[in-house]
Amino acid sequence: MSAAMPDAQRIWDHCAALGRLSELEGGLTRVFLSREQQAANDLVLGWMRAAGMSARLDAIGNVVGRYEGERPGLPCLMMGSHLDTVRDAGKYDGMLGVVAAIECVRALHARGRRLPFALEVVGFADEEGTRFNATLLGSRAVAGTFKAEVLDNVDQDGVSMRAALRAFGLDPEKIGAAARRREDVLAYAELHIEQGPVLEAEGLAVGVVTAINGATRCAVEIDGIAGHAGTVPMSLRQDALAAAAECVLAIERRCGAEPELVGTVGKLECLPGAVNVVPGKVRFTIDIRAPRDPLRLAAVDDVLAAMKAIAARRNVRLGVTKTHEGGVAACAPWLMDQIGAAIAAEGVPVRRLPSGAGHDGMAIIDLTDIGMLFVRCEKGISHNPAEAITLADVATAARVWLRFIENFDPSRKP
Ligand code: GLV
Ligand code: MN
Ligand code: MN
């Protein structure tokens, strides 16, 4: 393998190395501002420097590598993805995009090649929102849309984001310093596994993303009355879990009624949580997505109305906080064209497809135009340790990505 081409095996090995940095033994969980994230950042900073980039941690803990263009200080093509994971994750969601972009820069550096623009690779510190009930924190900071009120969000152990940032060595008051100026960023381009079955079904290694579906997330709290499981008659109960169960089914029913809509309750906590106590309090999350904003917003309204009616009928208190609202993020046609051209030049038919999953581009779109390349993943499985890709697809994707980077033409930007 010539040093001047991306080495798929190196990408593979680096994903495996990141996959070992986990709080979950025998699996992969790496959340925002954790010890494991510190270790991942250190690894990635080292890889960036070895690839010929200058590299630093920004004010929210994103890893940022920079490869200057033909002269120092030129605006950049920003690439990257996230380094955090969901709980019990696969090892490609996010990481593949960071590692592959670094590998492309390494290949350019090996050729001594400088481009008429700078390249930056960002490993975003939080995309998944696993720890603090707030998502896209790293990319929002870069886009300048980070909301200071989330600093008071707490994790499952009661640690606030503010305290966790301090413990990580970051200053919560200075997150604004991570924001980038529009004139310094020409575009954002992200390589990511598809996390769905379309490319596999069509026998394609890669595809061009057209848009990222919009999403609404809520945190719900239901307060009933805890009581003795043996003495409180069924007719007199205010059971928070029974009410939550009805809500979960209402969400499933509403979101199942339209093929483009998806709705999920992914986390549910029942308190006090004892075999002989009627549940007094339940907390759960809602995640509703669709490729069209009006479809999603109507479903959210209906679900909230249905939950209100359930709570009133069961005489429990319902509290709903919206934790995320992101509209459909359309990829820029000029970037789709250039990514498509790179795919075609590698001899792969150009397939365009939307993304059902969320990505950092949803936040970065407030800063600059976004484009994405999807890589086939086995059976479309993701957010699951069974997430799998092939070395051959990594090689194809990396060649496409390098070709896209080398031929990137910002003058096509409308
Ligand atoms: C992130 O991967 C999301 O789509 O929730
Ligand atoms: Mn994910
Ligand atoms: Mn991801």
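Biologist: Which residues coordinate the manganese ion (ligand 2)?

Modeller: First, how to read a metal site: donors are N, O and S atoms within 2.8 Å of the metal (3.2 Å for Na, K and Ca), and since water is not among the atoms, sites may look incomplete. Here the manganese ion (ligand 2) is held by Asp-93 (OD), Glu-128 (OE), Glu-128 (OE) and His-383 (NE2), at 2.0 to 2.8 Å. Along the sequence, those donors follow the spacing D-x34-E-x254-H. Keep in mind that this is a predicted model: local features need pLDDT of at least 70, side-chain atom pairs count only at pLDDT 80 or more, and totals for chains, interfaces and linings use all residues. Residues are numbered from 1 along each chain as its sequence is written, chains are lettered from A and ligands numbered from 1 in the order in which they are written, and side-chain values use heavy atoms, with hydrogens and water left out.

Biologist: Where do Glu-128 and His-383 lie?

Modeller: Helices (H or I, at least four residues) and strands (E, at least two) are DSSP runs, numbered from the N terminus. Glu-128 is in the loop between strand E4 (118-124) and helix H4 (137-143), and His-383 is in the loop between strand E16 (370-375) and helix H11 (391-407), so the pair ties together parts that are 255 residues apart in sequence.

Biologist: Is Glu-128 buried or exposed?

Modeller: Buried means under 20% relative accessible area, exposed over 50%, partly exposed in between (1.4 Å probe, protein chains only). Glu-128 has 8% relative accessibility, so it counts as buried. His-383 has 42%, so it is partly exposed.

Biologist: Which residue bridges the manganese ion (ligand 3) and the manganese ion (ligand 2)?

Modeller: That's Asp-93, and the two ions lie 3.5 Å apart. The manganese ion (ligand 3) is coordinated by His-82 (NE2), Asp-93 (OD) and His-192 (NE2), at 2.0 to 2.2 Å. His-82 sits in strand E3 (residues 76-82) and His-192 in strand E5 (residues 185-193), so this pair ties together parts that are 110 residues apart in sequence. Both His-82 and His-192 are buried.

Biologist: How many residues are in the largest nonpolar core?

Modeller: In soluble globular proteins, nonpolar side chains tend to be buried together. A nonpolar core is a set of buried Ala, Val, Leu, Ile, Met, Phe, Trp, Tyr and Cys residues joined through side-chain atoms within 4.5 Å. The largest one here has 91 residues, and those with the most contacts inside it include Leu-77, Trp-401 and Phe-404. Helix H3 (residues 95-111) gives the most to this core, with 11 residues. Apart from it lies another core, of 24 residues, with Ala-240 and Cys-247 among them.

Biologist: What does Trp-401 touch?

Modeller: Contact means heavy atoms within 4.5 Å. Not counting residues up to four places away in sequence, Trp-401 touches Met-79, Ala-101, Cys-104, Ala-189, Glu-190, Leu-191, Ile-339 and Leu-373.

Biologist: Where is Asn-41 found?

Modeller: In helix H2 (residues 35-50). Asn-41 is buried, with a relative accessible area of 1%. Leaving out residues up to four places away in sequence, its contacts are Leu-57, Gly-61, Val-63, Leu-83 and Phe-168.
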